[in-house]
Amino acid sequence: MKKTSQHGEWSSRLAFVLAASGSAVGLGNIWKFPYITGENGGGAFVLVYLVCILVIGIPIMMAEIMLGRRGRQSPVNTMRDLAKEAGGSRFWSLLGWLGVVAGFLILSYYSVIAGWAMAYVVRVGSGVFDGVTADGVSSIFGQFVADPEKLLAWHSLFMILTMLVVARGVKGLERTVKFLMPALLMILILLVVYAMDQGSFQQAVSFLFEADFSKITSDGILTAMGHAFFTLSLGMGAIMVYGAYLPSNISIGSTTVIIALADTAVALLAGLAIFPIVFANGLEPGSGPGLIFQTLPIAFGHMAFGSIFGTLFFVLLFFAAWTSSISLIEPAVAWLVENKNMSRMRACIWSGLVTWFVGIGTVLSFNIAADLTLFGKTFFDILDYLTANIMLPLCGICIAIFAGWVMSKEATSDELNLKSPLLHTSWLFLVKFVCPLAVVIVFLKAISVI
Ligand code: PHE
């Protein structure tokens, strides 16, 4: 077994924490979490999501980082080698492949939405929203997404920027995240303070934290669970490949807890910044993917120095998306470098082109092809549902099953090196029984079998 990665290593624990949090904290926290919470009725959804983070997300994240560090290669090759080492079937490497496909699909739409954030940097910065009413802000958003050329241009620019960082490898990733994560947290806190002062804060707090289970459906529960995977970047090899670059002396358990806490904190802060504005302006919490683009500009348009804070916010949102998108494509790039003998640059160009092309589908699904639906879902909706609600949880439980059932207890305890045997036994219990069962039950409930 190789003990070092051919792609390099993180220079410190902090670098890994920042890179992994950079992957975890992204559009999922700030753009997606608020709008799916709005669509699924609030409190009960948030509670299910938090429980999923705790009992499914954290143990599976530990498993993924552990597998990555033990294999030290792209997820496809890591799974192949670890399966061989444990005497398991070579079909386990398919898991790596499923992750690569999920990464392409997610990045293809992720990049389009990140493009929206970039476009909003320019809009907010040039004062377009100054003093504009809630209706005005909504109509500006509507006009923007109705224009496929604009969306395509921003999507293309974002893809180029992502591939540029990936082409520079581990060092490139490290430098980018070091300053951005703390800055993002600061501006979110500032927005929450604004929302407390100017918005319907009390109403937002009840909406987010009072669980009324009559408001959530079994599909909502599936969405909450899928989002736990999505927001922690689990079930597609992103965290696994980052684990492959983790030095051996760093503790996986405590590092995972820090990343999960940071990720959850950002999502909740985003909720607390957005919903007070939603309620104060009589907006619809369930208005979908445009939610933050239709709410936050109202706040920025009315607060002192709003265009400066607003610009900063969308810059940071773009950065958060950037540091996540890098990890979405890294498993594919690492595999191309390892198996096809490609330079990192070439690998980036090929994988970037494929992703960009699939992204055109999402661009059109907000305008020309908005009526082209299957089961009432547009191309974008289908990609989102298929990846977050099905592929990530499915791969996630396979990872749990592999770590719990296929690998030996000695191997996992050697690699995880948890402080006490009791902690290790608890982790094993979660990945062996709780995670797979929970995911299967949620799946069966969503297709109404139980
Ligand atoms: N975790 C990221 C977010 O919340 C998205 C992501 C999913 C990144 C899967 C990598 C892998 O935005």
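# Cavities and Pocket

The lining of the largest cavity receives at least two residues each from helix H1 (13–24), helix H2 (27–39), helix H5 (93–125), helix H10 (218–231) and helix H14 (306–339); helices are DSSP runs of H or I with at least four residues, strands runs of E with at least two, numbered from the N terminus. The model is predicted: local features need pLDDT of at least 70 and side-chain atom pairs 80 or more, while totals for chains, interfaces and linings use all residues. Residues are numbered from 1 along each chain, and side-chain values use heavy atoms, without hydrogens or water.

**Exercise 1.** Describe the largest cavity by its volume, its central residues and the classes of its lining.

*Solution.*
1. The structure holds 3 cavities of 30 Å³ or more (on a 1 Å grid over the protein atoms alone, points where a 1.4 Å probe fits but cannot get out; lining residues have an atom within 4 Å of a point).
2. The largest cavity contains about 130 Å³ of space (probe spheres set on points joined across faces, edges and corners).
3. Its lining has 18 residues, with Ser23, Tyr110, Phe230, Ser233 and Leu328 nearest the centre.
4. This lining comprises 10 nonpolar, 8 polar and no charged residues (nonpolar: Ala, Val, Leu, Ile, Met, Phe, Trp, Tyr, Cys, Pro; charged: Asp, Glu, Lys, Arg; polar: the others, Gly among them).

**Exercise 2.** State which helix gives the largest share of the lining of the second largest cavity.

*Solution.*
1. The second largest cavity has a volume of about 70 Å³.
2. Among its lining residues are Pro75, Met79, Leu95, Gly96, Gly99, Met236, Cys395 and Ile399.
3. Helix H4 (75–86), H5 and helix H16 (379–406) each supply at least two residues of this lining.
4. The largest share, 3 residues, belongs to H5.
5. By class, the lining of the second largest cavity has 7 nonpolar, 4 polar and no charged residues.

**Exercise 3.** Determine how many charged residues line the largest pocket.

*Solution.*
1. The largest pocket has a volume of about 340 Å³ (a pocket is an open set with protein on both sides within 12 Å along at least five of seven lines).
2. Of its 21 lining residues, Glu39, Thr223, Lys377, Asp384 and Tyr385 are closest to the centre.
3. H2, H10 and H16 each supply at least two lining residues of the largest pocket, and H16 gives the largest share, 6 residues.
4. The lining of the largest pocket divides into 6 nonpolar, 9 polar and 6 charged residues.
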